[in-house]
Amino acid sequence: MEAVQLLLVDAFTSSPFTGNPAGVCLTDADDAAWMQAVAAEVNVSETAFVDLSSLATTGEVGLRWFTPTVEVEICGHATLASAHVLFEQGLAESPIAFRTASGVLRAEALPGGGIQLDFPVDEPVSALPDGHLADEFADALGAAIVEIARCRYDVLVEIPSAAEVRDLEPDLSVLRAASGRGVIVTARAEEDPAPGAPDFVSRFFAPAVGIDEDPVTGSAHCCLAPYWSSRLGRDRLIGAQLSPRGGEVGVELAGERVYLRGDAVTVSRGELLAEATKI
């Protein structure tokens, strides 16, 4: 069989072993069970499967994302990682149009370095998840609740301070039971951040889809961007995700779209020898 390229890329960072690691598998296979098995083997928060077979005819690149346990509808850091690999290897020109379960998502190489993703805005709505109370989240997080909102995929919880976000040790059993993909916990960074400093901070917990804590979650910033834009009065912001690995996401609102900006670095390249037909 012809070997399939499998890479590991750290996204939303320029330093290896920080940011969010993503598997990137270059294959035209269409076997979901095989993809799920590969993602479980790679065992990072998401593995992206990049299909270049229709690029010459349609101008689009197929893209799917799997956690170690389920396929997901959208993933920012693995899309950034996929674009980074295609640009780095000269396999596609900027901008790239990715054909995904969430529609066409575009990635553009920025002149000064880094990559910009064009994703749909996920407008938060102030509301509790069905069947849950604010006290449950306060108890699970060990923090007072400023506001709870629902996004398309996640629950967003604002708490009083960045320090509390950094120090969280949540009860994951409660967060696992919350409806949706995961729980975003966020706070304002500082009252008057210096130029280039983060405007808001967050952490992301998704035990319901097999990810206790995601290091840097691009798609969560589709919800964080409008949430903090309305509070801070600016359309262009910087979010810092305060996981142990850490990372930053630049965001900019553009109508019904949001631009996510960040760097990525390849940390390993290899060949996957397990054929889809053998799984």
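Modeller: Let us begin with helix 4, where the face turned away from the buried side carries the exposed residues Asp135 and Asp139; please keep in mind that this is a predicted model.

Colleague: Which residues of helix 4 are buried, and why do they line one face of the helix?

Modeller: Buried here means under 20% relative accessible area, and within helix 4, which spans residues 134–141, Phe137, Ala138, Ala140 and Leu141 are buried. Seen down the helix axis, these buried residues fall within an arc of 165°, so they line one face of helix 4. Among the elements covering them are strand 10 (147–150), strand 11 (154–158), helix 6 (172–177) and strand 12 (182–188). Just after helix 4 comes glycine 142, with a positive phi of about 70°.

Colleague: How many residues of helix 7 are buried, and what follows this helix?

Modeller: Helix 7, residues 221–232, is mostly covered, as 10 of its 12 residues are buried, including Cys222, Cys223, Tyr227 and Trp228. Glycine 233 follows helix 7, and its phi is positive, near 75°.

Colleague: Turning to the second largest pocket, how much space lies in it, and which residues are closest to its centre?

Modeller: The second largest pocket holds about 190 Å³ of space, and of its 15 lining residues, Glu248, Gly250, Arg261, Gly262 and Asp263 are the closest to its centre. Strand 16 (247–254) and strand 17 (257–262) are the elements that give two or more residues to this lining, with strand 16 giving the most, 3 residues. By class, the lining has 5 nonpolar, 7 polar and 3 charged residues.

Note on methods. Residues numbered from 1 in each chain as written. Predicted model: local features only at pLDDT ≥ 70, side-chain atom pairs only at ≥ 80, totals over all residues. Heavy atoms only, no water. 1 Å grid on protein atoms, 1.4 Å probe; cavity = no way out; pocket = protein on both sides within 12 Å on 5 of 7 lines; lining within 4 Å. Points joined across faces, edges and corners; volume = space filled by probe spheres on them. Helix = DSSP H or I, 4+ residues; strand = E, 2+ residues; numbered from the N terminus. Nonpolar A, V, L, I, M, F, W, Y, C, P; charged D, E, K, R; others polar. Buried < 20%, exposed > 50% of the residue type's maximum accessible area, 1.4 Å probe, protein only. Arc of directions from axis to C-beta. Contact = heavy atoms within 4.5 Å.
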